[in-house]
Amino acid sequence: MATALKIKTADDLWDLYEVNPVEFVKDTLGIPPTKQQAELLMSVVDNKKTHCRSGRGIGKTWGIDFLAMWFLSCFHDAIVIITATNNNQLYDVLWAQLKKLYERWELKQFFEILDYHKTMRMINHHSTFLVAKSSERAGTTKESAMSGFHADNMLIIIDEGAGVDDVIYNSLEKSMTGVNNKMVVTGNPVRGEGMFYDIPTKYRDYWNCLKFSSLDSPLTDKGNIQKDVEVWGIDSDMIRVNYLGEFPKHGSSDVLIGLDKIEHCVNNVDRQDGLCQIGVDVARMGDDLTCITILEGNALTKILTYPKIDDFNQLSGIIVNEIKEHKASSVKIDASGMGIGLVDILRQALYVLQLDCKVIPITFGMKATKPSAYCDNISEMWCNAKTLIDNGEVSIPNNNRLIKELSTRKYSIDSKGRIKIESKADYKKRHKQSPDFADSFNLVCYNPYNITDIEITATGDDLRKGY
Ligand SMILES: Nc1ncnc2c1ncn2[C@@H]1O[C@H](COP(=O)(O)OP(=O)(O)OP(=O)(O)O)[C@@H](O)[C@H]1O
Ligand SMILES: [Mg+2]
């Protein structure tokens, strides 16, 4: 049971546990959270929105019950809303487990359960309460069933989020108008569409995304998992979804690079020895970013971004500093549109400074080096990045914007059977943002010919036609 509790007043609770839910669970429930649960709990402390996908049985539902009890106890006039895919999951699993935990809770004396209303509230202080809210309530639309909650301190919890309708997410997110409003969504990644899939891909910038494997949990039976792996194969959707916490492979087939492969490349290898290359995607429109990526060996070690810079001397100066710092051997610049002006200025600067670094303009939208396989060089660049990522041959930083852009670009097959990457215009229409990070990454990884074999003098032109 719980260790000696030092709580006398509500102030003690706030002082001791407001930013420490792990200790709160240990002290008031007598249960040490697992490492994965602790990560989930601390993510909610540190972030407004947390998304957690995982294999089965790793302790997600208990984890969110822990969070509900902590938030209710440690914040003034707190409201906690919990919901799930359907009434069965909400009442028979989430609510039922919460009641069991309540029975062993050291703070039980301060809270009462109103089972009929699926509510737990603070005794004599009814503005602090938790409610298990069904999205299936008869006679109301799903949206209106969830609307109307507002408080400075509010925690919204969704369990088994892959089955929850997008309108519920939207409705709950709209309620988050208070200063300390948080949302946590957990679940098994059973389908590659809907909001539960969109959060770690399309909306990744706004969420802290966690992924846990059943293989790493002390709560799961590894013998059973091993038997299933032998039957189904480690790469089957059955194992991916139920144990590895990965979305099914065939869930979003028009996306070129799978999220699982991209996440596998996050801090994948130690920085490798090898040439340092720099990629520069030059902003074209006012709201685009100029994005500079530094690839050292096979590790992307740095991403720099700037709002559109019209003065190319200034931009050239920034790049020269990076070349000096990293002893870069080449700089690849997106030379479509404005970028060609930068190429000339940078070459002049390197000539004057006597720096031995090649400036390679690459014009987006030109013919691919393998025109029978790819529609254009942008499609080829994307497929090159896909191969590196699928094979785990590159390391990327844990950068949400880069991961989002890499995991959401679609492709199609043209009438000649070639791969055609979704146009930038279509991508921007879907995401209201230019894929600047991915463009710069693709550029720096792209070696359409052996660059070291090509002589490009500091002031001269490329020998390759078209570049
Ligand atoms: N910290 C813990 N210490 C000991 N046992 C735990 C802990 N957390 C959870 N459990 C046990 O593990 C079981 C599985 O936990 P839980 O139901 O929370 O997992 P889950 O990830 O939600 O599973 P599912 O994927 O099936 O929804 C619980 O019934 C509980 O008995
Ligand atoms: Mg569960």
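Here are some friendly notes on this predicted model, point by point.

1. **Ground rules.** Residues are numbered from 1 along each chain as its sequence is written, while chains are lettered from A and ligands numbered from 1 in the order in which they are written. Because the model is predicted, local features need pLDDT of at least 70 and side-chain atom pairs count only at pLDDT 80 or more, whereas totals for chains, interfaces and linings use all residues.

2. **The chain overall.** The secondary structure comes to 17 helices and 15 strands; helices (H or I, at least four residues) and strands (E, at least two) are DSSP runs, numbered from the N terminus. Of the 467 residues in the chain, 42% are buried. A residue is buried if 20 or more other C-beta atoms lie within 10 Å of its own, exposed if 12 or fewer, and partly exposed in between, with C-beta atoms placed from the backbone. Among contacts between residues at least 6 apart in sequence, 71% join residues at least 24 apart; a contact here has the two C-beta atoms, placed from the backbone, within 7 Å.

3. **The nonpolar core.** The largest nonpolar core has 113 residues, and those with the most contacts inside it include Leu67, Phe71 and Ile278. Helix 4 gives this core its largest share, 10 residues. Domain 1 (10-253) and domain 2 (276-453) both contribute, so the core lies between them. Such a core is a set of buried Ala, Val, Leu, Ile, Met, Phe, Trp, Tyr and Cys residues joined through C-beta atoms within 7 Å, and the domain bounds come from an automatic or database domain assignment. As general background, nonpolar side chains in soluble globular proteins tend to be buried together. Leaving aside residues up to four places away in sequence, phenylalanine 71 touches Ala78, Val80 and Leu155.

4. **Around ligand 1.** Ligand 1 is surrounded by 13 residues, the closest being Arg56, Gly59, Lys60, Thr61 and Trp62; a residue is near a molecule if its C-beta atom, placed from the backbone, lies within 6 Å of it. Helix 4 (residues 60-74) supplies the largest share of this shell, 3 residues. By type, the shell divides into 5 nonpolar, 6 polar and 2 charged residues. In that count, Ala, Val, Leu, Ile, Met, Phe, Trp, Tyr, Cys and Pro are nonpolar, Asp, Glu, Lys and Arg are charged, and the others, Gly among them, are polar.

5. Strand 3 (residues 111-114) pairs with strand 4 (residues 119-122) in the antiparallel sense over 4 bridges, where pairing calls for at least two bridges found by DSSP. Leucine 114 has threonine 119 as its bridge partner. This hairpin has 4 residues between its strands, and lysine 118 in the turn has a positive phi of about 50°. Strand 4 is also joined to strand 5 (residues 125-132), again antiparallel, by 4 bridges, with methionine 120 opposite leucine 130. In that hairpin 2 residues separate the strands, and asparagine 124 takes a positive phi near 65°.

6. Isoleucine 168, in helix 7 (residues 166-174), counts as buried because it has 20 C-beta neighbours inside 10 Å. Isoleucine 413, in strand 14 (residues 411-413), counts as exposed because it has 10 such neighbours.

7. **Helix 9.** Of the 11 residues in helix 9 (residues 222-232), 1 is buried, so this helix lies largely in the open. Just after helix 9, glycine 233 takes a positive phi of about 90°.
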